[in-house]
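The structure is shown below.

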Amino acid sequence: AFALWGFGGAFGSRQENKPLGKVFDRQISDLEFKDALSAVTTSAIMRFGDKFPEVQKYLNLESQAWQQLVLLEEAKRRGIKVSDKEVIDLIESLPYFQYKGSFDNKTYTQTLRYVFQLQPRAFEEQTRKNLLLNKLYKQVTDNLKIEDKEVEQAYAKENQEISVYYIASLLADFTKTIKLKERELKDYFEKNKEMFKKETVIPEFNSIKQKVKDAFVNAEAMKKAEQKINQCLQELKTRKFKDAAKKCGLKVKETPAFKLGANIEGVGPSDAFWEAAKSLKPEQTSQIIKLPTGFYIIKVKSILPRDEKKYQKEKPELNLRLLNQKKDETFDKFVTELSKKAR
């Protein structure tokens, strides 16, 4: 059932074999590039199935084809080989070509013809190249490990709940105190015209007056809110948390227990609070935290202890997920550097 063969470029016409570009100073023919483009298209069809026509425009298959050519050249330079048996074993294991639980030659040839629009020998060569790339990936990433500390940190980010006290200097509290003068508004527009540019055109002041007003008020409120929180930060050097807030005319509020990524009512996304809280010691206050809503200083109320039984149960799966993520990131970096050298 298998027509294993060498690289397809050997059968191309002179026109098809004309140089299209270079990879590590080796000329790439038009046909060789088309083979690579066909291979990445086949992989995309297998991955996305019926949704392939929908997502095709987002995939940049041509770029993937050049990337594959670079990686295959690197695999060749490293002497990586794939046997015919490895190709056959992989194809026979693919669910696309199975009937009643086992490989079926009729299903194989019909699927290639009507789904992938490929001859068996072309698909088998694509499979060989994919196996070469898998072996290259394995070579690059095989020595990577995840330390226990990395697992603990990742588990905490996904599961640990924290609550904090916070002092807030909010933009909304200052916007209503700002009184506008027409001259100030026009001066602000003149100094910040680039902010209001639409494509390459700067609109007339009168046509976007409300937009300029909103931007001006926001900028002035930001200055006032920042001045107030800086005053509070100075007071915290000699006063307790609540006393410093009171001295500055601000209030102390507290959050319920929250995880990283949750939304805190009246504050918004919790990430900045969570990350700051994790680095604080008991009774220690944070530096100023800037968020779209204003400026904050926090103090830890409680950090709930880790559920050790749950952690030990989930640790192996989390370790594997982190390792795979690390491998992908390492290989992505390897591909980026290799692509630069290949130009």
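Which residues have the most contacts inside the largest nonpolar core? In this predicted model, they are V23, L71, F97, F123 and F334, in a core of 38 residues. Several helices, including helix 1 (30-48), helix 6 (120-141) and helix 13 (308-342), each supply at least two residues of this core. Helix 3 gives the most, with 7 residues. Apart from this core lies another, of 19 residues, A156, I162, A168 and I289 among them.

Helix 3 covers residues 61-77. Its 17 residues should span 24 Å at 1.5 Å a residue, and the end C-alpha atoms are 24 Å apart, so the two values agree. Buried residues in helix 3 include L61, A65, Q68 and the run L69, V70, L71, L72, E73, E74 and A75. Just after the helix, G79 takes a positive phi of about 75 degrees.

How do helix 3 and helix 13 pack, by angle and by distance between axes? The angle is about 90 degrees and the axes are 10 Å apart. Helix 3 is therefore roughly perpendicular to helix 13, as angles of 65 to 115 degrees count as such. The residues that make the contact are listed by helix.

| Helix | Residues in the contact |
|---|---|
| Helix 3 | Q67, V70, L71, E74 |
| Helix 13 | F331, F334, V335, L338, S339, A342 |

By type, the residues of this contact divide into 7 nonpolar, 2 polar and 1 charged. Leaving aside neighbours within four places in sequence, F334 is in contact with L71, E74, R78, L136 and V140.

Definitions and conventions:
Residues numbered from 1 in each chain as written. Predicted model: local features only at pLDDT ≥ 70, side-chain atom pairs only at ≥ 80, totals over all residues. Heavy atoms only, no water. Helix = DSSP H or I, 4+ residues; strand = E, 2+ residues; numbered from the N terminus. Expected span 1.5 Å × (residues − 1). Buried < 20%, exposed > 50% of the residue type's maximum accessible area, 1.4 Å probe, protein only. Core = buried A, V, L, I, M, F, W, Y, C linked by side-chain atoms within 4.5 Å. Contact = heavy atoms within 4.5 Å. Axes fitted to C-alpha atoms, helices over the stretch in contact; angles between N-to-C directions. Parallel < 35°, antiparallel > 145°, perpendicular 65-115°, else oblique. Nonpolar A, V, L, I, M, F, W, Y, C, P; charged D, E, K, R; others polar.
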